[in-house]
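User: I've just opened this one and I'm new to it. Can you walk me through it?

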Amino acid sequence: MKVPTSLIYRCTLASCILCCIETSAIYECPAPDSPSLKFSITSRRNKTGHWIAQVQMEHGADQKENEVGPWQVDIDHSTAKCDGSDSVLIVATVTVPPRDEDAEPPQSPAKHPPDYEHVPGLGYYKFHTDIKTWEKARDTCVQEGAHLAVINSLAEAKKLPSIWIHNIFNDWRKDSAYIGMWDPEKTGEFVTIFNETLDSAGYNKWFPDEPDFMGHCGMLRSNSLLGNTYCNEKLLYICELKE
């Protein structure tokens, strides 16, 4: 989902100790004159010998900036063994909607083609089962007044395949669909069709060992991970319209 002028904050914690993340049971709104962004990391050892690491990030909406909600919060983590010790990597992403004056006026649902499915909070999507190459898929979306879908959050990456599988449940072989990302310079650096880096767009989680040399056009797999393939491969594809 393309969200211009959105703010994306990332918080990452990695260590070669066993970590636990705690959050306060009660959260009170920040004072009006508090800093717009506060970030802190604390760690301690409890009475049983466990290390407890606590990460806190607070960003209060500035009424002068006229930011709107709701804010999108995604948290992901992975673990690994580092020199015989457990390590945890935690990534939290907060996506802030654009200010009212920056946002484009919403379109009436009646103006959207009837075969586009509405996903609340994300937008309108159409899953094309008439397989095409990446470029022809991109052109078809444009002809419909849309664009190849751009993934902006973990929530969006998880939601789209559930609708997609519902639409093609009778063909288990089709487990990937073209989306709006590619490697136009053929350097291995994938960007969206709006020339954003994937990190800037909000989602950059790949299938293991990808991207690789197997082509310069991007796809979303049914397991919600990104992948790449040759641009002349014919695949399903997802078109998107703004909400």
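Analyst: Here is a short tour, starting with how the model was read. This is a predicted model, where local features need pLDDT of at least 70, side-chain atom pairs count only at pLDDT 80 or more, and totals for chains, interfaces and linings use all residues. Residues are numbered from 1 along each chain as its sequence is written, and side-chain values use heavy atoms, with hydrogens and water left out.

User: OK. How many residues of strand E13 are buried?

Analyst: Seven of its seven residues, 235-241, are buried. Buried means under 20% relative accessible area, exposed means over 50%, and partly exposed is in between, using a 1.4 Å probe and protein chains only. Strands (E, at least two residues) and helices (H or I, at least four) are DSSP runs, numbered from the N terminus.

User: Which way does E7 run against E13, and over how many bridges?

Analyst: Strand E7 (residues 123-132) runs antiparallel to E13, with six bridges. Strands count as paired if DSSP finds at least two bridges between them. Phe127 has Ile238 in E13 as its bridge partner.

User: And how do E8 and E9 pair with E13?

Analyst: E8 (residues 147-148) is antiparallel to E13, over two bridges. There, Leu148 stands opposite Cys239. E9 pairs with E13 in the parallel sense, also over two bridges. Ala177 is partnered with Leu236 of E13.

User: Switching to charges. How many salt bridges are there?

Analyst: A search of the whole structure finds five. A salt bridge is a side-chain nitrogen of Lys or Arg within 4 Å of a carboxyl oxygen of Asp or Glu. One of them joins Lys126 and Asp115, with the closest N and O atoms 2.6 Å apart. Lys126 is in strand E7, while Asp115 is in the loop between E5 (85-96) and E6 (117-119), eleven residues apart.

User: Are those two buried or exposed?

Analyst: Lys126 is buried, at 16% relative accessible area. Asp115 is partly exposed, at 43%.

User: What about Glu210 and Arg221?

Analyst: Their side chains meet in a salt bridge, 2.5 Å from N to O. Glu210 is in the loop between H3 and E11 and Arg221 is in E11, so the pair ties together parts eleven residues apart in sequence. Glu210 is buried, at 15% relative accessible area. Arg221 is buried as well, at 15%. Elsewhere, salt bridges that share partners join Asp115, Lys126 and Glu144 into one network.

User: What is phi for Asp209?

Analyst: Phi of Asp209 is near 70°, a positive value in a residue other than glycine. Asp209 is also in the loop between H3 and E11. Asp209 is exposed, with a relative accessible area of 73%.

User: And Lys186, what is its phi?

Analyst: Near 55°, again positive in a residue other than glycine. Lys186 is in the loop between E9 (176-182) and E10 (191-192). Lys186 is exposed too, at 61% relative accessible area.
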